[in-house]
Amino acid sequence: MTRTQPHLATLVLLTALSVLTLNMFLPALPAMREAFGVSEAVMGRSISLYMLAAAVLQLLLGPLSDRLGRRPVILGLLVLYAVASILCLLTENITLFLIARTGQAVAVGGGILASAVVRDMYEGRQAAAKLSLIASAMAIAPMLAPMVGGLLETAFGWRSVFVTYALLGTVLLLWCLRDLGETHAPGPGRSMRVGALLRERLFWAYVGVQALGVGAFYMFLTGAPFVAADVFGLEPAQIGIALGSTTAGFMFGAGLSARLAERVGPMRLILIGRTLPILALGAAIIYYMNGGVLVVPLFLSTIVVGIGNGLSLANANAGALSVRPDLAGSASGFSGAVALGLGAVLSWFTTAVLGDGATPEGLLLLMLSALALALAMAAAAAAWEPGETGVSKHKTP
């Protein structure tokens with residue numbers, strides 16, 4: 001194997017690519033709808049089909065990289081991504097556009113396999129610290145991507161967004177050819193042992209911590225705009241700032257985790273990150289149930305949710321990848337798919353529950369329920385974890 005350790009920036013960019021691909025083109029949707037002459041519902045399929053394909057690919061790409069190696073799979077995905085982006089740019093047909101747009105979902109492989117590469121190179125607390133550092137760096141992407149997309153669409157038209165996608169894919173491909181050596185010894189029998197991973201209760205405990213934390217965030221994104229507008233009368237610009245504040249909390253928590261993981265231990269950070277939001281949400285719920293009318297407690301409590309996710313998600317991810325290090329790609333893919341699927345379900349559930357009348361205490365109670373389950377999963381992982389460092393140190397059999 002060519003064990004060229006990739007620069008951290010390479011792994012950050014691979015991870016951020018899927019977020020940029022999902023978010024950056026959103027401000028251009030109205031212009032794209034007019035250009036293709038279709039309804040909002042048809043144009044909306046460019047989001048739903050992307051997310052569906054991303055969920056399926058997360059189940060496939062991890063095991064494929066365990067079998068073939070990380071490098072060839074990542075390089076192949078970047079080639080497909082660049083081609084799909086060029087097709088989106090050039091086509092005048094909505095059907096072909098939607099097919100090519102769905103093909104862009106291969107970008108999700110960057111995040112999956114970047115995590116696996118980290119686990120190939122590091123163990124225990126060190127892996128958790130590196131994953132936290134990547135998470136804190138790439139958290140900027142969901143905040144900046146829509147702003148950049150809006151500026152591109154305004155200045156150059158909607159197709160400029162897909163020019164940018166094609167350039168990103170091509171440049172990242174050329175960089176990975178130079179910077180990304182193989183970090184995993186491929187083997188034809190590895191993909192056949194995925195069942196052994198899925199039978200590990202410790203793996204599912206870590207996955208539960210991640211998925212429920214992400215699900216609580218999706219609940220917030222789904223319900224908070226309605227609560228902010230209907231109950232507190234916030235304007236769209238104010239709502240946007242409030243939603244972004246939670247992401248800022250995540251960046252703070254992930255940065256703190258990157259500094260503390262090796263010294264404090266990932267498991268302690270997971271437990272702290274799952275406990276603090278419950279306390280904050282509980283205090284806010286009590287406030288609103290006793291007639292509170294200020295909006296500040298709502299968003300202060302959800303900022304703490306972001307901090308808690310920053311402290312716990314990367315560490316739980318490191319734990320899930322460490323249960324069976326030889327199947328780190330499969331573990332990354334399965335955990336990502338579960339988080340995406342559960343996030344979609346919880347978003348739908350939030351809409352259904354709050355549809356007849358959104359209240360701050362109602363939204364916070366939903367989030368509290370998800371995070372209480374996440375804390376239970378974290379406690380189970382702590383009980384089942386054999387490693388003294390708080391992240392499994394199982395070796396490749």
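A: A search of the whole structure finds 3 salt bridges, a salt bridge being a side-chain nitrogen of Lys or Arg within 4 Å of a carboxyl oxygen of Asp or Glu. This is a predicted model, in which local features need pLDDT of at least 70 and side-chain atom pairs count only at pLDDT 80 or more, while totals for chains, interfaces and linings use all residues. Residues are numbered from 1 along each chain as its sequence is written, and side-chain values use heavy atoms, with hydrogens and water left out.

Arg70 takes part in a salt bridge with Asp66, where the closest N and O atoms are 2.8 Å apart. Arg70 is buried at a relative accessible area of 1%, and Asp66 is buried as well, at 0%; here buried means under 20% relative accessible area, exposed over 50% and partly exposed in between, with a 1.4 Å probe and protein chains only. The side chain of Arg70 also meets that of Asp120 in a salt bridge of 2.9 Å, N to O. This pair links distant parts of the chain, since Arg70 is in helix H4 and Asp120, 50 residues apart from it, in helix H6 (residues 108–121); helices are DSSP runs of H or I with at least four residues, numbered from the N terminus.

The remaining pair is Arg159 with Glu92, whose closest N and O atoms are 3.3 Å apart. Arg159 is partly exposed, with a relative accessible area of 22%, whereas Glu92 is exposed, at 64%. Through shared partners, salt bridges join Asp66, Arg70 and Asp120 into one network.

Asp66 and Arg70 also belong to a helix contact, in which Leu61, Gly62, Leu64, Ser65, Asp66 and Leu68 of H3 meet Arg70, Pro72, Val73 and Leu77 of H4, contact meaning heavy atoms within 4.5 Å. Helix H3 (residues 40–68) and helix H4 (residues 70–90) pack at an angle of about 130°, with their axes 7 Å apart. That makes H3 oblique to H4, because angles under 35 degrees count as roughly parallel, over 145 as roughly antiparallel, 65 to 115 as roughly perpendicular and the rest as oblique.

Key: Axes are lines fitted to C-alpha atoms, for helices over the stretch in contact, and angles run from 0 to 180 degrees between N-to-C directions. Helices (H or I, at least four residues) and strands (E, at least two) are DSSP runs, numbered from the N terminus.
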